[in-house]
Amino acid sequence: MSTSLPTLLTFPNGRELTVPTGLFIDNKFVPSIEGATIQSINPVTEEVLAVVSSATAKDIDIAVASSRHAFRTVWGRNIPGVERGKLLNRLADLMERDTDPLGDLEALDNGKSAEVARAVDLPEAIACLRYYAGWSDKIFGQTIEVDDKGHKSASTRIEPLGVCAQIIPWNYTIMMLAWKIGPALAAGCTVILKPSELTPLPALKLAELVVEAGFPPGVFNCVPSFGDVGGAALTSHLDVDKVAFTGSTATGRKIMQAAALSNLKKVTLELGGKSPHIIFASANLKEGPRSCESCHWGVFLNQGQDCVAGTRLYVQAKVYDAFIEELLHSAKEWTAGYGDPFAEGALGGPLVSEVQRDKVAAYVDSARAEGASIVYGGERWQGKGWYYLPTIIGDVTPTMKVVKEEIFGPVLVVTKFETEEEVIALANDSTYGLGAGFHSNDANQCQRVLARLEAGTVWVNQYGQLYPQVPFGGYKQSGMGRELGTYALENYTQVKSVLWDYSGGSAQ
Amino acid sequence: MAPTTFSYDFSNEASGFGKKSSFPSGLFINGQFVDSVDSKTIELINPTTAKSLGHITVASEKDIDLAVEAAQKAFETTWGLHASGQERGKLLIRLAELIEENIEELAALESLDNGKAVAVAQAVDVQGAADVLRYYGGWADKVHGKTIETDDATFAYTRHEPIGVVGQITPWNFPIWMLAWKLGPALATGNAVVFKPSEWTPLTALRVASLIKEAGFPPGVVNIVPGIGNIAGAAISNHSGIGKVAFTGSTAVGRAIMKAAASSNLKRVTLELGGKSPTLVLDDCNLENAARWAAYGILANHGQVCCAGTRIYVQDNIYDKFLEKFLAVVKSVKLGDPFHPETFQGPQVSKTQFDRILNYIEHGKKEGATCLLGGQQHGTEGYFIQPTIFTDIKPEMRIVKEEIFGPVGVVAKFSNDEELIKLANDTVYGLAAAVFSENLSRAVKLANALKAGTVWVNTYNTIRTNVPFGGYKQSGQGRELGEYALDNYTQVKAVHINLSGPPPI
């Protein structure tokens, strides 16, 4: 069975929206050549939302050929940066116009709160596109003095890499799409974006806006697919110059291997994390609720399905009891906000899939089995929907699975510590290094701690804030390369040094 | 009581906007259009007809005080770093969009005021202004300082902060384009502005004032105060509440501004001044192209361009051939009504400029140069001057040394590249230069030897929004356009945080 006709979705708030279901190649929606499909399931009702085309290896070949053609003819050096910037800004304008339906669609497909999707996911994605629109015509090389006789020149050209495969996860489809295409398109690359098979719908809807904004065909192709089919085809494709991946560390390894074994395509990875969140006794706990808030914000937002969630809480002994009491109070407020994603004031919804929900439940069970205490939550959800409610686990030791491994759900483990030395060692005792946060009002302590935490982002007296102009990425096995900021442009460009001898050009 | 609205009906013009334009005039201070404190006005003259266009308000010293006060307040509350880079960028891009939405009206106003061909005003000046503002809109959230490695006892970093209130004084040759060159980087970096357009050509600035309001800039962020140079301009240069002045105009006035800045509060100064830029035609050039570009270099904007290629040096073995082609191109340009679609050259901007240029031409003849072409007023109405070419020149002649700022070029021979470099660099100016040669190596070697802020190879007057522009020597200091302009509007604060270093005593 093949599909490319748009499907009409009805939302719990009464909204109706048509969503395309074909693969988006060359500015058109087409069925998979082999008729492969994906069923996107509503994590609240456990029912099928839509059936969309799924890319097989043959479809990927077509998509790559389209991207390559576009790069050679209408994109790359065939279009000045200022025009690329205008198109990106236009896309941002359209996303702003359609914030409400897009936010609702993100919520419907993923299970997150619709209000949060509209208030956080969309504006951040839009800001990211605008930020990179501004960089499009500001990518500089260098001219370099090499010669004191004035006969030779050296300079660098910063050229686009070419055809870039971008594989994004299901936790923030629209935001991750913007983080990927922003710098890639600004730099002049063409993009084949593979959204997750769990959440293909927002990306397909955004593809309509790409056409409306005026991007030429082939500049942005969108091919929902299963990771081991379309994802594998992209990462081992000989005509793809680069793969950018956000997802699990396990899949990241596979991607790096496939890249190495095929054409040594360039690879950047944003992988998992088990980020520590530290409360020092010197923190300003009169604003305790604020520190608590940031703890919850760090782990319960998006149902904990966040690579940089602050999932290991360390509280200094001196303030431990008071802080935990406060923590439990506000955990109740968060839990009350979990429910129907389309309810007013909804803070959380179900996890994205049954598999994810079962994984999280298994981790909590393992904590019990290993002797930890379930201090809050930890109960199975009764009824429809793949919910797992906020859970806090205490009495943990560093070797427990729930302390070492990424759970990717709303589960926080809490540890008491005595000294700064001790907690830094505990915090760094991880193969991950994506983020870290701590609260302290001692300036010297802040400087010491931020310098010694092994993480790509360190938050001081807050948690989780991101800005398109500040780089983001992992130490250690949390990834390689940085997204956002000026640094993301390096992921999509390559340096050509030009050395020119013009001493032969004298008159007469 | 000064007039509060400027109106002109373009429906009888040969092309362009074709409607009535009517917009608030007066001084734009703190988001409002107001009369000047002493109700002074100045008459605007249409250079095409020499007839009056009406009166506009001009600022006195007291008005400048009010503008500075408004700018200061905005900087401390709604602007500066109180407005994020993203917000500042969005406003600049919105202003660019509004300028594009009103492009025909703005082009018509520019032509009315300045005399340039309306098709050029639209495609180059007004579109260019929108492009520049959009470009700097993209910079607004990308003004970075550095974190700098020292040792474990110190955390050191820099902030690139806006200066505060800046004064900007622009000329009459590219009114709206110069407005964008100035406002773009100043606003992107968070400064509040007191902006004085030339009193000869204030119309597009006044129309843009309404667009600034419509775009949503907070009141006081941009204040637009047309005024006379030695009153409003002097007030700005002398004002102790202004941290920086940026000026584009003549070298003579540039000196006065730098002096005033020095004797008042040592405010920072950037200057884009005059030029006497050489066009170098080598014997291995594409002769046809060189002749066309050289003609464009001297005649664009009626010669009223700071970087005009006013001294043309031609290699002796192609001199006659070049001159023949060059004169043919010069003769072919059409002079006439700026609103006529075929017009290339309109009138000079004012009687003052008209007289000055004719004076130079007379002087050239008296000094013994040969006036090969032109040399007179064109027609009987308005301030039109024939394209004028002198040969048989000597380096000491005034028409060779001084900036004429009209459609007047001088042509001379050279025999070899060493001689050429000396001739080209023999000037107090250093704004631009152009080399015509098909041998890129030879051209680049010459380019590297020329003392000029912009060197063109096989082109002339090519300005790009993202490439810096500015002068060597007495053509100015500082660079506009590109990333470089941001340095003109930021100041560096270094912060050293001592973590554990003990005091020495």
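This briefing describes salt bridges in the structure and the solvent exposure of some of the residues that form them. The model is predicted, and over all its chains it holds 42 salt bridges.

**Pairs in chain A**

- A:Lys194 and A:Glu197 form a salt bridge in which the closest N and O atoms are 3.8 Å apart.
- Within this pair, A:Lys194 is buried, with a relative accessible area of 3%, whereas A:Glu197 is partly exposed, its relative accessible area being 22%.
- A:Arg357 and A:Asp358 also meet through their side chains in a salt bridge, with an N to O distance of 3.0 Å.
- Here A:Arg357 counts as buried at 12% relative accessibility, while A:Asp358 counts as partly exposed at 33%.

**A pair within a helix of chain B**

- The side chains of B:Lys351 and B:Asp355 are joined by a salt bridge, with 3.0 Å from N to O.
- Both B:Lys351 and B:Asp355 belong to helix 11 of chain B, which covers residues 351-366, and they stand four residues apart, or about one turn of the helix.
- B:Lys351 is partly exposed, with a relative accessible area of 44%, and B:Asp355 is likewise partly exposed, with a value of 36%.

**A network in chain B**

- B:Asp283, B:Asp284, B:Asp417 and B:Arg442 are joined into one network by salt bridges that share partners.

Methods: Residues numbered from 1 in each chain as written. Chains lettered and ligands numbered in written order. Predicted model: local features only at pLDDT ≥ 70, side-chain atom pairs only at ≥ 80, totals over all residues. Heavy atoms only, no water. Salt bridge = Lys/Arg side-chain N within 4 Å of Asp/Glu carboxyl O. Buried < 20%, exposed > 50% of the residue type's maximum accessible area, 1.4 Å probe, protein only. Helix = DSSP H or I, 4+ residues; strand = E, 2+ residues; numbered from the N terminus.
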